[in-house]
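Hi everyone, thanks for making time. Let me put the structure up, and then we can walk through it together.

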Amino acid sequence: MKPVKEAYIPSHPDFIVVFSTGNFSSSLKALRTFNVGEKLALLEGITKAPKAYTTVQCGPGPHDHFELNSDLVYVNHSCNPNIAFDLSSPDPSEWHIRALKRIIKGTSLTFFYPSTEWDMDQAFVCECRSSHCLGIIKGAKYLTKTELCTQQWINSWIWRLSAEKESSK
Ligand SMILES: C[S@@+](CC[C@H](N)C(=O)[O-])C[C@H]1O[C@@H](n2cnc3c(N)ncnc32)[C@H](O)[C@@H]1O
């Protein structure tokens, strides 16, 4: 579920959705500057849901997915992301997004989708233009441990599933 342009009411005071006409080409911009390590927002209002291109994975199981129900659904993927979805707390009310680098006002927010997603509902050709862009993004299942290790933040179940994949080879 995504907020649509015609009925848009921002869900967070510090972010704004930039709607684009192309399919899946909208994004979420920061309306203020954030410092490295700063919490941008708690993941409030999330609901468990079947895996979809709009959901975020929160554990290793087939039912461990939730809808954000907010503008955060417009955070795009980057292979050189500026935020982390940190779901490390056993208490979901502490799950949050955090700045991995200084984010200047006006910058689009991005996270590394395979940091939460093992096997994504919708693969896509990445347009992040990072010098280390991985190309097709399908989930962590399709990445090597070395590729995951280049990232500043990967959630624990992704490391676990990746280790299991390596040991079953
Ligand atoms: C949850 S949506 C994010 C918001 C999306 N941009 C939109 O306008 O609806 C996820 C989808 O956005 C697109 N997307 C996100 N990051 C991308 C990237 N780096 N390159 C190309 N497409 C991307 C893909 O189609 C992906 O399945």
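Let's begin with an open sheet of three strands, ordered β4-β6-β5 and paired in the antiparallel sense. Its edges are β4 (47-48) and β5, each of which pairs on one side only. A word on terms: strands here are DSSP runs of E with at least two residues, helices are runs of H or I with at least four, and both are numbered from the N terminus. Two strands count as paired if DSSP finds at least two bridges between them.

Before going further, please keep in mind that this is a predicted model: local features need pLDDT of at least 70, side-chain atom pairs count only at pLDDT 80 or more, and totals for chains, interfaces and linings use all residues. Residues are numbered from 1 along each chain as its sequence is written.

Back to that sheet. β5 and β6 run antiparallel and are joined by three bridges.

Pro62 sits in the loop between β5 (55-57) and β6 (65-67). Is Pro62 buried or exposed? Pro62 is exposed, because it has 11 other C-beta atoms within 10 Å. The cut-offs are these: buried takes 20 or more other C-beta atoms within 10 Å of the residue's own, exposed takes 12 or fewer, partly exposed is in between, and the C-beta atoms are placed from the backbone. Pro62 also gives us a distance to look at: Thr107 is 45 residues away in sequence, and the two C-alpha atoms are 34 Å apart.

Next, the other sheet I want to show you. This one is open too, with three strands in the order β3-β9-β8 and antiparallel pairing. β3 and β8 are the edge strands, each pairing on one side only. On average, neighbouring strands in this sheet are turned by 20 degrees against each other, direction ignored. For that angle, axes are lines fitted to C-alpha atoms, for helices over the stretch in contact, and angles run from 0 to 180 degrees between N-to-C directions.

How many bridges hold β3 (residues 39-42) to β9 (residues 96-99)? There are three, in the antiparallel sense. Along that pairing, Leu42 has His96 as its bridge partner, and Ala41 stands opposite Ile97. On the β8 side (residues 83-86), four bridges make the antiparallel link to β9, and Ile83 stands opposite Ala99.

The largest nonpolar core has 29 residues, and Leu28, Ile83 and Phe111 touch the most other members. By nonpolar core I mean a set of buried Ala, Val, Leu, Ile, Met, Phe, Trp, Tyr and Cys residues joined through C-beta atoms within 7 Å. β1 (15-18), β2 (27-30) and β8 are the elements giving two or more residues to this core. The largest share, three residues, comes from β8.

How does the record describe this part of the chain? In an unreviewed UniProt entry, the annotation "domain: SET" covers residues 13-114. UniProt positions are given in the numbering used here, feature names are shortened, and annotations may be inferred rather than shown by experiment. In the model, that span is 0% helix and 31% strand, with its end C-alpha atoms 27 Å apart.

On to the ligand. Which of the 17 residues around the ligand come nearest? They are Phe24, Ser26, Asn76, His77 and Glu127. Near, here, means a C-beta atom, placed from the backbone, within 6 Å of the molecule or strand. The shell is made of seven nonpolar, eight polar and two charged residues. In that count, Ala, Val, Leu, Ile, Met, Phe, Trp, Tyr, Cys and Pro are nonpolar, Asp, Glu, Lys and Arg are charged, and the others, Gly among them, are polar.

Phe24 is found in the loop between β1 and β2, and has a positive phi of about 60 degrees although it is not a glycine. With 12 other C-beta atoms within 10 Å, Phe24 is exposed.

Arg129 can go beside it for your backbone check. Arg129 has a positive phi of about 65 degrees and is not a glycine either. Arg129 lies in the loop between β11 (124-125) and β12 (136-137), and counts as exposed because it has 9 C-beta neighbours inside 10 Å.
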